[in-house]
Amino acid sequence: MPCTPFQLPDGTHGFICSRGRRRAPPPCSVDGCDASSGFQCDYRVGRKRCDRHLCAAHAHEVGPDVHFCPEHFALWKREGAPVQASIDFDAGSETS
Ligand SMILES: [Zn+2]
Ligand SMILES: [Zn+2]
């Protein structure tokens, strides 16, 4: 079984093993990046997932084994972070 070692920038490493015929993973879907992808975007779009192929540099980990593409990561930070939802509570109530 052909196995290809890989190492990610954060130090994670391992092997990608292909069964039978050898097939390279699809390249990262980010424009200008042709690194091979080890991740897919897990962001839910309607009833399915985004599923964009992402390399280690462009897959943003938001939880255990949950990764978002750069666009959905930005969206998630802007709209999907309930922790920051009510921090600026008294903004906009200036009276003089
Ligand atoms: Zn990439
Ligand atoms: Zn995505």
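**Asp-51 and its loop**

I started at Asp-51, which sits in the loop between β5 (48-49) and β6 (53-54). Everything here is read off a predicted model, where local features need pLDDT of at least 70, side-chain atom pairs count only at pLDDT 80 or more, and totals for chains, interfaces and linings use all residues. Residues are numbered from 1 along each chain as its sequence is written, while chains are lettered from A and ligands numbered from 1 in the order in which they are written.

The phi of Asp-51 is positive, about 65°, although the residue is not a glycine. I checked its cover too: Asp-51 has 13 other C-beta atoms within 10 Å, so it is partly exposed. My cut-offs, with C-beta atoms placed from the backbone: buried is 20 or more other C-beta atoms within 10 Å, exposed is 12 or fewer, partly exposed is in between.

Which other Asp has a positive phi? I found Asp-65, at about 60°, and it is not a glycine either. Asp-65 lies in the loop between β7 (60-63) and β8 (66-68). It counts as exposed because it has 7 C-beta neighbours inside 10 Å.

β7 and β8 pair in the antiparallel sense over 3 bridges (pairing takes at least two DSSP bridges between the strands). Their hairpin has 2 residues between the strands. Glu-61 has His-67 in β8 as its bridge partner.

**His-60**

Next I looked at His-60, in strand β7. It is partly exposed, because 19 other C-beta atoms lie within 10 Å. Leaving out residues up to four places away in sequence, His-60 touches His-67, Phe-68, Pro-70 and Phe-73. A contact here means C-beta atoms, placed from the backbone, within 7 Å. His-60 and Pro-70 are 10 residues apart along the chain, with 6.9 Å between their C-alpha atoms.

Buried or exposed, what is β1 like? Strand β1 (residues 3-7) is hardly covered, with 0 buried residues among its 5. It runs antiparallel to β2 (residues 13-17), joined by 5 bridges. Gln-7 has His-13 in β2 as its bridge partner. I counted 5 residues between the two strands of this hairpin, and Gly-11 in the turn has a positive phi of about 100°.

**Core**

I then went for the largest nonpolar core, which has 10 residues, among them Cys-28, Phe-39, Cys-41, Tyr-43, Leu-54 and Cys-69. Such a core is a set of buried Ala, Val, Leu, Ile, Met, Phe, Trp, Tyr and Cys residues joined through C-beta atoms within 7 Å. What does Cys-69 touch? Not counting residues up to four places away in sequence, Cys-69 touches Cys-41, Tyr-43, Cys-50, Arg-52, Leu-54 and His-58.

**Whole chain and confidence**

Stepping back, I see 1 helix and 8 strands in the protein chain, in the order β-β-β-β-β-β-β-β-α. Of its 96 residues, 17% count as buried.

The chain averages a pLDDT of 82, and 74% of the residues score at least 70. (pLDDT is the predictor's confidence in each residue, from 0 to 100.) Where pLDDT is low, the predicted coordinates should not be read in detail.

Note on methods. Helices (H or I, at least four residues) and strands (E, at least two) are DSSP runs, numbered from the N terminus. Two residues are in contact if their C-beta atoms, placed from the backbone, lie within 7 Å.
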